[in-house]
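The sequence and the structure come first.

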Amino acid sequence: MKKYIIALTLVAGLLQVKAQDVNKLIQQSDVERIIKTLSADDMQGRATFTPGIEKAAQFIEGEFKQIGLQPLTGSNSGYRQNFTMIRSKAIKTMVSVNGKIIPGDSAAVITSAPNLSWTNNADVQIVKLSAEKNFQKEYLGYLSSGKKLLVLVDPAFTATFARIVNRANRGNTSFAGNDNQAVVFVLGSYDNVKSFSVEYSGKTEQLPLFNIAGMIPGKTKKNEYVIFSGHYDHLGILKPVQGDSIANGADDDASGTTAVITLAKYYKQLHNNQRTLIFVAFTAEEIGEYGSQYFSKQMDPAQTVAMFNIEMIGKASKFGTNSAIITGYDRSDFGPILQRNLAGTEFKFYPDPYIKENLFYRSDNASLAKLGVPAHTISTDQIDIDKYYHTVKDEFSTLDVANITSTIRAIALSSRTIVAGTDTPTRVAIEK
């Protein structure tokens, strides 16, 4: 019993030393400086394909360079992981099912092809998105299928469908080379489709995108990777509300990007990581998680041990201060490992309580999780009641910087055994 008490005392003492290190190396003033810069009005809401996101990218590159990160192996321009996407804007759209023309608010065409002309095409697969299915999961699956699909969407998803129509009206974005793929969504109940037709024409252009990624090579396990990520894009300029039109994205996701930069600085100063650490700010999360999709194709999932994706940590969670949620908590033992590393502290991780929101599929972790990587998102957002989400009111003034700082410190402490190579989370089951 005496030896057990001594062991506990030693563990508690070691954790206290670690906590002192993390409090010293992760300063609230630095957290505030970074997030203020990323969410400032002069970033113009950091929308994809705008000067604002270029300015944000340059700032993140400057931080990575000052920290002393190495560019990620395979990056083709310093810290930039460049790739090209096709953006298309509809000029004409007409969809009919069983001889009946579908109203514009009940049909959406997602494609990068300049033209579509379907009339009962044999190579078009008809699928039903029924009410009991997970809309977000199925939607992402359709877009990444590489197939020509006519998707019949149950009226239970009417509210969600409106967002799909809005996206199609704004323009579609897809990877270059996917011209043969097209997904046409139709809202309504159809027991039997006897005929269909789609006539679509659009204007297309090639545009550049770029993740910002740096690394700290591991000392003994260089080919085992631990990823810390967040997305640095947001919505840009929206319809003015009380004279304000800039969707600053302070919580979503300047807070997560700030955590990535801060953790990079922390681990660079510690200089003791046995596994290789990758720090990446993803682009184009808001329009389809395209940055993380591209990134996932550059990584060997078998060598990727874990992914700490950080999304919206700007305010206290529903469980109060010193707490955060982990999406997909039951899909690996990632969460229990993190919590075990926080034993003796006030901070606690909880399983995602917002299951109906499908958060596991709504952030950049999904791109790697579908490959089997223990990739989870850490968040404090109360998504069911967050009145600032995706509005011009998501500004620095609404944030709790102390909460952000304590969450970043908790991630630093909780990740240490994974970074050290003494813990390896179980893999996420690959879903067909």
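Predicted model: local features only at pLDDT ≥ 70, side-chain atom pairs only at ≥ 80, totals over all residues.

How many bridges join S4 to strand S9, and in which sense do the two run?

1. To take the opening question, S4 and S9 (residues 182–187) run antiparallel and are joined by 5 bridges. Within this pairing, Thr111 stands opposite Ala182 in S9.

2. These two strands belong to an open sheet of 4 strands, in the order S4-S9-S7-S6, with mixed pairing. S4 and strand S6 (125–129) are the edge strands, each pairing on one side only. From one strand to the next, the twist averages 20 degrees. Leu129 stands opposite Val153 in S7.

3. Is S4 largely enclosed or exposed? Strand S4 (residues 107–111) has 5 of its 5 residues buried, so it is largely enclosed by the rest of the structure. The cut-off for buried is a relative accessible area under 20%. In a regular strand the side chains alternate between the two faces of the sheet. In S4, Ala107, Val109 and Thr111 point one way, while Ala108 and Ile110 point the other way, and all of them are buried. S4 is also an edge strand, pairing on one side only, yet both sets of its side chains are buried.

4. Helix H5 (residues 158–170) lies across S4, S7 and S9 and runs at about 50 degrees to S4. H5 also has a helix partner: its axis and that of helix H4 (residues 135–143) come within 12 Å and cross at roughly 30 degrees. That angle makes H4 roughly parallel to H5, because angles under 35 degrees count as roughly parallel. The crossing of H4 past H5 is right-handed. On the H4 side the residues that meet H5 are Phe135, Tyr139 and Leu143, and on the H5 side they are Thr160, Ile164 and Arg167. By class, this contact of H4 with H5 holds 4 nonpolar residues, 1 polar and 1 charged.

5. Helix H3 (residues 51–67) packs with helix H6 (residues 250–270) at an angle of about 10 degrees, and their axes are 10 Å apart. H3 and H6 are therefore roughly parallel to each other. Phe59, Ile60, Glu63, Phe64 and Ile67 are the residues of H3 that meet H6, where Thr257, Val260, Ile261, Ala264, Lys265 and Lys268 take part. The contact of H3 with H6 comprises 7 nonpolar, 1 polar and 3 charged residues.

6. What angle do helix H2 and helix H10 pack at? For H2 (residues 28–38) and H10 (residues 401–414) the angle is about 110 degrees, with the axes 9 Å apart. H2 is thus roughly perpendicular to H10, since the range for that term is 65 to 115 degrees. Their crossing is right-handed. H2 contributes Gln28, Val31, Glu32 and Ile35 to the contact, and H10 contributes Val401, Ala402, Ile404, Thr405, Ile408 and Arg409. Sorted by class, the contact of H2 with H10 has 6 nonpolar, 2 polar and 2 charged residues.

7. Val373 sits in the loop between helix H9 (365–369) and strand S18 (375–379). Its relative accessible area is 1%, and Val373 is therefore buried. Not counting residues up to four places away in sequence, Val373 touches Pro301, Thr304, Ala306, Met307, Leu368, Arg427 and Val428. Gln269 is 104 residues from Val373 along the chain, and their C-alpha atoms are separated by 27 Å.

8. Which residues is Ser292 in contact with, its neighbours within four places in sequence left aside? They are Phe282, Asp364, Ser367 and Leu368. Leu368 is also touched by Val373. Ser292 lies in helix H7 (residues 290–298) and, at 0% relative accessibility, counts as buried. The C-alpha atoms of Ser292 and Ile355 are separated by 22 Å, the two residues being 63 residues apart along the chain.

Conventions: Residues numbered from 1 in each chain as written. Heavy atoms only, no water. Buried < 20%, exposed > 50% of the residue type's maximum accessible area, 1.4 Å probe, protein only. Pairing = 2+ DSSP bridges. Axes fitted to C-alpha atoms, helices over the stretch in contact; angles between N-to-C directions. Parallel < 35°, antiparallel > 145°, perpendicular 65-115°, else oblique. Left-handed = near helix turned anticlockwise from the far one by under 90°. Contact = heavy atoms within 4.5 Å. Nonpolar A, V, L, I, M, F, W, Y, C, P; charged D, E, K, R; others polar.
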